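Please follow each part in the sequence and the structure shown here.

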Amino acid sequence: MIHRSNRYRIAACFLCLACAVQAYEPEVHAPADSMPNHRRTAVKWIVPAACVTYGVIARFDKMSLRSFDLRIAKQVDKHVKKHYVFDDYLQYAPAVFAFGLDFVPGLRAEHNLRDRTLLLATSYAFTGIVIYNMKHAISVRRPDGSASNSFPSGHTAVAFTGAHLLYREYREQSPWIGVGGYAMAATVSVMRVINKKHWMSDVIAGAGIGILSVEAAGMMLPVWRRLLGPGEARISIMPVASGRDVGIRLVYIF
């Protein structure tokens, strides 16, 4: 149920994403014979937006969508007795791969290290703002009854944020990299349901929020470039020895 005093939180969540869309000057990267603009827009925005819409509608629908949540939860409660914790860590794996694949010979991300860092930070900022406000605006009891902040799934949103960034960065290298990222994110989603922490509609909405956040962050990137300049991020790694202590010093310069 949405409390009257919290309705503005939901509007603010989606307003921050809408502002990101309007805050940039579009850059044309696609060749003339590629997918038309309106079709790319449909894929990038309509599909994840539909996921979020599904989750919101399921909160009020007392028939098919809500009953689907209840049926899934009933089957989980009947057949699953063990709690798993690896989803707490797996949610970050796609984002780690988005940076770690730099060390694989022959693979090259679409953006340099600085821009990728800006994309990830902005994406997580959008994800965090939307998830926090929606959890506090929409009171939904978790399947295990532990709290009333079930909707939407934060773990799923974080996982799909990293997975969609991974896909965007390496889609020109291999489609299987993106598939792997989405598979990890989907596993996190399934485990949140199996662990009785979320309803199915919670994780579907969380996936949409994560993808939308990355797309909004991508539209903010030209703004960051204008503010910070076009410089390339540089990393300096050097060994450090002092007395008995030996280590590595990592310097990251924007």
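## Helix α7 and its length

The expected span of a helix is 1.5 Å times one less than its number of residues, where helices are DSSP runs (H or I, at least four residues) numbered from the N terminus. The structure is a predicted model, in which local features need pLDDT of at least 70 and side-chain atom pairs count only at pLDDT 80 or more, while totals for chains, interfaces and linings use all residues. Residues are numbered from 1 along each chain as its sequence is written, and side-chain values use heavy atoms, leaving out hydrogens and water.

Helix α7 (residues 154-170) has 17 residues and should therefore span 24 Å, which agrees with the 25 Å between its end C-alpha atoms. Because 16 of its 17 residues are buried, α7 is largely enclosed by the rest of the structure; buried means under 20% relative accessible area, with a 1.4 Å probe and protein chains only.

## Packing against helix α9

The axes of α7 and helix α9 (residues 200-228) come within 7 Å and cross at roughly 45°, where axes are lines fitted to C-alpha atoms over the stretch in contact, and angles run from 0 to 180 degrees between N-to-C directions.

Contact means heavy atoms within 4.5 Å, and residues of α7 including Phe-160 and Leu-165 meet residues of α9, among them Ile-211 and Val-214.

Ser-150 is found in the loop between α6 (113-137) and α7, and is buried, with a relative accessible area of 0%. Not counting residues up to four places away in sequence, Ser-150 touches several residues, including Lys-135, Arg-142, Trp-199 and Asp-202.

How values were computed: Helices (H or I, at least four residues) and strands (E, at least two) are DSSP runs, numbered from the N terminus. Buried means under 20% relative accessible area, exposed over 50%, partly exposed in between (1.4 Å probe, protein chains only).
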